[in-house]
Amino acid sequence: MPGYRSRRYQRNNPDDPSRRDFMRAVGCAALTTTSIVSTVWDLRMVNAAVLDKMSLKTPPPYKALVCIFMFGGNDANNLIVPTDSRFADYTSIRGVVGLPAGAALSLDALNTGTNTYGIHPSCQGTRNDVNGVAQTTGLRRLFNEGKAAVVTNVGTLAFPMNRATYLNGTVPKPIQLFSHSDQQLQWQTSVPDKPSRTGWGGRCADLLYSMNRQPIALNDATVSMALSLAGANTFEVGNVVNGFNVNTTGAVALTNLSATQKTALQDILNMSIQHPNLQESTFASITDRAIDGADLINTAIGATSAANYWQMPFQNTGLGNQLKMIARLIQARNYSDASLGSMNSVRQIFFCSIGGYDLHSQQVNLANTTSGNHANLLTELSEGIYSFQKAMEQLGLADNVVSFTMSDFSRAMQPNGDGTDHAWGSHHLVVGGSGGGTGCVKGQNFYGTFPTLQLGGPDDSINNTGRWIPSTSVDQYSATLARWFGVTNGDIPTVFPNVNRFATSDLGFMNNSVPASKSTLPPIREIDATPVLTSE
């Protein structure tokens with residue numbers, strides 16, 4: 001329709017005073033639902049995003065974070081198992097759900113000294129590559145090649161805590177410990193001591209999304225920096241940026257509309273974009289951009305539609321298909337179309353998930369504890385991550401893309417029949433890089449402190465059932481990833497407001513994790529330019 005694009009651009013002009021006023025009003029309205037301190041963080045982030053766009057001139061290398069959330073609470077006690085003398089402690093507590101001696105596959109860690117560890121046997125497999133050649137696959141191989149790291153006993157913490165401070169209540173605990181919904185939210189927000197309406201991925205995107213816009217990118221990106229394969233989530237919610245949902249076959253586009261209906265819808269959007277009511281015009285603009293974004297994505301991923309495109313095929317599982325689509329989106333990161341818009345992504349954040357980990361019963365097959373529901377979930381996780389890592393290597397992006405796990409919590413060390421109950425501190429995996437100690441992930445290493453496997457011991461919390469008190473906070477784990485992604489030292493406390501309560505905000509598992517560019521945020525001031533609302 002003639003003149004439509006120019007009219008939309010006029011409405012989205014960041015110098016439009018009415019638009020700036022609307023954004024300020026939104027910021028002030030937040031005072032009614034969140035704390036004043038939280039709103040100050042929000043305003044600082046919007047300010048920083050604008051200043052980033054003005055100050056950063058040299059296009060930085062592409063980077064992506066891929067969050068893999070294991071919903072339900074993964075039993076990390078059976079994922080990573082000590083295989084030295086502590087295995088006796090493991091066996092005595094785990095009982096009928098424990099792995100038998102020799103079942104855990106050895107991890108050739110470089111930094112654990114005389115302490116040795118193994119990984120669940122489901123984390124190694126054998127599959128054929130695209131040429132039909134059998135390959136050893138899985139997380140064990142990635143770890144031993146230096147492409148994966150283990151971060152031990154991570155969990156939600158408002159402050160550092162030990163058994164004494166937990167029991168006497170002198171240190172505040174995270175809100176609603178052991179609750180699925182609350183702990184899922186706190187992992188995604190990294191704010192365990194108050195409600196937060198934004199996730200840490202979204203706050204990173206608020207600071208960095210201008211990298212996907214001119215003059216840093218060749219063209220302004222049409223699609224959000226934050227893309228979800230698992231539907232709506234808090235992790236990717238920011239104040240400026242929100243997630244764009246994609247399914248495993250592509251973006252959800254308008255279907256079953258006749259040409260007349262599409263024209264009518266576009267006419268309605270055109271009129272609404274020009275409406276003086278800012279809420280109506282902004283909603284129409286976002287809807288229009290979402291339609292454009294879906295068309296752009298579905299065109300851009302066409303290059304990877306062939307069944308034999310990936311050298312290590314993805315398995316046809318829920319997680320496998322999500323990670324396959326993420327790989328396709330990453331391959332299309334530079335796609336541009338004169339009529340549809342541009343991907344032009346310098347930074348991207350992805351969210352995908354796998355559910356079913358809440359195994360209060362039937363976690364293992366009691367006749368063979370290396371098999372069962374948990375083993376099947378770990379196979380899906382391991383094979384999905386392996387194929388994804390090989391896809392990044394195929395694209396030449398192994399050192400540009402990092403995948404990492406999160407979960408509600410771990411499970412109690414002491415079993416509940418053939419299952420386990422909710423617990424707390426958990427072990428997590430960070431995967432990426434080319435291996436050999438020079439990749440983006442300092443792989444083949446353990447980070448953090450492994451818990452003492454003793455009921456009622458120094459790391460146990462409630463009821464003496466092996467619900468380990470985390471020795472590493474979600475803030476520290478996430479801040480290490482965010483710093484590699486491009487969040488500066490000065491901005492880390494903006495994204496992670498509690499991180500300075502802990503000894504370090506960098507656990508060291510990422511190479512080149514300290515950026516060389518800008519330091520601290522400027523003082524809060526009136527915002528002269530408002531970031532353009534996109535389909536985000």
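Colleague: Which residues of helix 10 meet which residues of helix 11?
Modeller: In this predicted model, Leu265, Gln266, Leu269, Ser272 and Ile273 of helix 10 meet Glu280, Ser281, Ala284, Ser285, Thr287, Asp288 and Ile291 of helix 11. The residues of this contact between helix 10 and helix 11 divide into five nonpolar, five polar and two charged.

Colleague: How is the arrangement of two packed helices described?
Modeller: In general, two packed helices are described by the angle between their axes and by the distance between those axes. Here the axes of helix 10 (residues 259-273) and helix 11 (residues 278-300) come within 7 Å and cross at roughly 140 degrees. Angles over 145 degrees would count as roughly antiparallel, and helix 10 and helix 11 are therefore oblique to each other. Helix 10 passes helix 11 in a left-handed crossing.

Colleague: At what angle do the axes of helix 9 and helix 14 cross?
Modeller: The axes of helix 9 (residues 200-208) and helix 14 (residues 474-485) cross at roughly 25 degrees and come within 11 Å. Because angles under 35 degrees count as roughly parallel, helix 9 is described as roughly parallel to helix 14. The crossing in which helix 9 passes helix 14 is right-handed. On the side of helix 9 the contact is made by Trp200, Cys204 and Leu208, and on the side of helix 14 by Ser478, Leu481, Ala482 and Phe485.

Colleague: Which residues is His428 in contact with, leaving aside its neighbours within four places in sequence?
Modeller: With those neighbours left aside, His428 is in contact with Met70, Ala149, Val150, Val151, Val154, Trp187, Thr405, Met406, Ser407 and Tyr477. With Thr405, the side chain of His428 makes a polar contact, side chain to side chain, of 2.9 Å.

Colleague: Which side chains does a polar contact join to that of Ser342?
Modeller: Ser342 lies in strand 12 (residues 341-342), and Ser342 is buried, with a relative accessible area of 6%. The side chain of Ser342 is joined to that of Ser336 by a polar contact of 2.8 Å, and to that of Asn344 by a polar contact of 3.3 Å.

Technical notes
Residues are numbered from 1 along each chain as its sequence is written. This is a predicted model: local features need pLDDT of at least 70, side-chain atom pairs count only at pLDDT 80 or more; totals for chains, interfaces and linings use all residues. Side-chain values use heavy atoms; hydrogens and water are left out. Axes are lines fitted to C-alpha atoms, for helices over the stretch in contact, and angles run from 0 to 180 degrees between N-to-C directions. Helices (H or I, at least four residues) and strands (E, at least two) are DSSP runs, numbered from the N terminus. Angles under 35 degrees count as roughly parallel, over 145 as roughly antiparallel, 65 to 115 as roughly perpendicular and the rest as oblique. A crossing is left-handed if the near helix is turned anticlockwise from the far one by less than a right angle, and right-handed if clockwise. Contact means heavy atoms within 4.5 Å. Buried means under 20% relative accessible area, exposed over 50%, partly exposed in between (1.4 Å probe, protein chains only). A polar contact is a pair of N or O atoms within 3.5 Å; within protein, one must be able to donate a hydrogen and the other to accept it, and residues adjacent in sequence count only if both atoms are side-chain atoms. Ala, Val, Leu, Ile, Met, Phe, Trp, Tyr, Cys and Pro count as nonpolar, Asp, Glu, Lys and Arg as charged, and the others, Gly among them, as polar.
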